[in-house]
Amino acid sequence: MIEPTTRELLKRLVAFDTTSRRSNLRLVEAVEDWLERHGVASRRVYDATGRKANLFATIGPERPDGVILSGHLDTVPVDDQDWSGDPFQLREDGGRLIGRGTVDMKGFDAVALAKVPAMVKADLARPIHLALTYDEEVGCLGVRTLLEKLQAEGFDAAGCVVGEPSGMAVVLGHKGKHSFDVEIAGRECHSAMAPHGVNAVEFGARLIAKISDIGRRLAVEGPFDPAYAVPHATTHVGTCHGGTALNIVPDACRLAFEVRHFTAQPAEPLIAEIEAFARDELEPAMRAVAPEARLRFTRTSRVPGFDIAADHALVRTVARLAGTALGGKVAFATEAGLFAEWLRVPTVVCGPGDIARAHRPDESVTVDQLAACERFVDRLIDAMTRPV
Ligand SMILES: [Zn+2]
């Protein structure tokens, strides 16, 4: 059983289509109204276009020893997905609440918001902050404008709980991810004259082979962290486009690659190795034929990972309040690394539901998981009524 308020709020949150590409301001306004009704002031931190905003609110005294509850308001699209009903109309089936965003992660948002009246009544000795963000699903972009602002203000907190679905287990880490586009510019000519041109696809292939070699080396040499399903850093080429016809030496090729790494093993040296290969091996060979030939790297995203010790006070506290075991380390990226890196606030991931249900048609979260999350927030409120 969950509280009627949680269910009602989740229904309202789901009803707003906040696919990342859309404005989220109507949803933000609804949440502001809800907070205001309970006497809680909140503020917006906009993106550059003013079409999207983060919402940040503090309940309790302005002190540096609070806890942040962090959730994103955007969702992945429903395009081309085969839903058995309206994705934006919450429905229940066999103990599951179904709708876009239920598990990722409007369910957590709804629980946190439903508990606001209890937070207000509780006479908190330490604050609880709500950080609700945009554009998480497109590279954890939205939270950065909020963190920049908080950083500039000297904001501090004792801990942050990112409520991404973990079955309410306390997640101790995920990898960081760096993504790049590479444009390879060669020189076109008829394939019968192949040595007179610079084949951008072939040089792209050599770069791909290098990236792949580094991945294989990481798998053999480590370093290793057995807490991960894939216990080492990885490299990966996801797309490669080039060429128009077999009888033309292609002058353009474009590919995208990523490096996923532990916080203890920075990605920069791996990226530098890939860039050095392009600069020192590939480009000189290309320019020997065509001086205009080049490879251009563009960083498309960087999401830092995070890592927290199993015996850290925040981990022990959250595990106790959630009544769950430690959840190891996970394969998906979250905003946790940004909170940990930018605010230097100890951070864990702990939220209701199963990540395997996220991003899929008929996305759902169980009522039981939301109830477990409610109990967690109840116990957190109680804990925050006492000074450390
Ligand atoms: Zn999410």
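This is a predicted model: local features need pLDDT of at least 70, side-chain atom pairs count only at pLDDT 80 or more; totals for chains, interfaces and linings use all residues.
Trainee: How many residues of H3 are buried?

Mentor: A residue counts as buried if 20 or more other C-beta atoms lie within 10 Å of its own. By that rule H3 is mostly covered, and the number of its 13 residues that are buried is 13.

Trainee: Which elements do the buried residues of H1 pack against?

Mentor: Helix H1 runs over residues 4-15, and its reach of 17 Å from first to last C-alpha is close to the 16 Å expected. Its buried residues are Thr-6, Leu-9, Leu-10, Leu-13 and Val-14. Because they cover an arc of only 130 degrees around the axis, they lie on the same side of H1. The elements that these buried residues pack against are helix H2 (25-37), strand E5 (96-98), helix H3 (102-114) and helix H10 (367-384).

Trainee: How is the protein divided into domains, and what distance separates their centres?

Mentor: Domain 1 is made up of 4-173 + 305-384, while domain 2 covers 176-303. Taken over C-alpha atoms, the centres of domain 1 and domain 2 are separated by 36 Å.

Trainee: Into which kinds do the residues of the side of domain 1 that touches domain 2 divide?

Mentor: The contact between the domains involves 12 residues of domain 1 and 11 residues of domain 2. On the side of domain 1 that touches domain 2, the residues divide into 5 nonpolar, 5 polar and 2 charged.

Trainee: Is Val-170 buried or exposed?

Mentor: Val-170 lies in the loop between strand E7 (159-162) and strand E8 (173-174). Leaving out residues up to four places away in sequence, Val-170 touches several others, among them Val-315, Val-318, Leu-326 and Cys-350. Because Val-170 has 26 C-beta neighbours inside 10 Å, it counts as buried.

Trainee: Which residue takes a positive phi in the hairpin of E1 and E2?

Mentor: Strand E1 (residues 42-46) and strand E2 (residues 53-59) run antiparallel and are joined by 5 bridges, with Ser-42 standing opposite Ala-57 in E2. The hairpin has 6 residues between the strands, and the residue with a positive phi near 75 degrees is Gly-50.

Trainee: What share of the contacts in the protein with a separation of 6 or more comes from residues 24 or more positions apart?

Mentor: The secondary structure of the protein comes to 10 helices and 18 strands, and its C-alpha atoms fill a box of roughly 80 × 45 × 40 Å along the principal axes. Of the 388 residues, 44% count as buried. Among contacts with a separation of 6 or more, the share that residues 24 or more positions apart account for is 79%.

Definitions and conventions:
Residues are numbered from 1 along each chain as its sequence is written. Domain bounds come from an automatic or database domain assignment. Two residues are in contact if their C-beta atoms, placed from the backbone, lie within 7 Å. Ala, Val, Leu, Ile, Met, Phe, Trp, Tyr, Cys and Pro count as nonpolar, Asp, Glu, Lys and Arg as charged, and the others, Gly among them, as polar. Helices (H or I, at least four residues) and strands (E, at least two) are DSSP runs, numbered from the N terminus. The expected span of a helix is 1.5 Å times one less than its number of residues. A residue is buried if 20 or more other C-beta atoms lie within 10 Å of its own, exposed if 12 or fewer, and partly exposed in between; C-beta atoms are placed from the backbone. The arc is that of the directions from the helix axis to the C-beta atoms. Two strands pair if DSSP finds at least two bridges between them.
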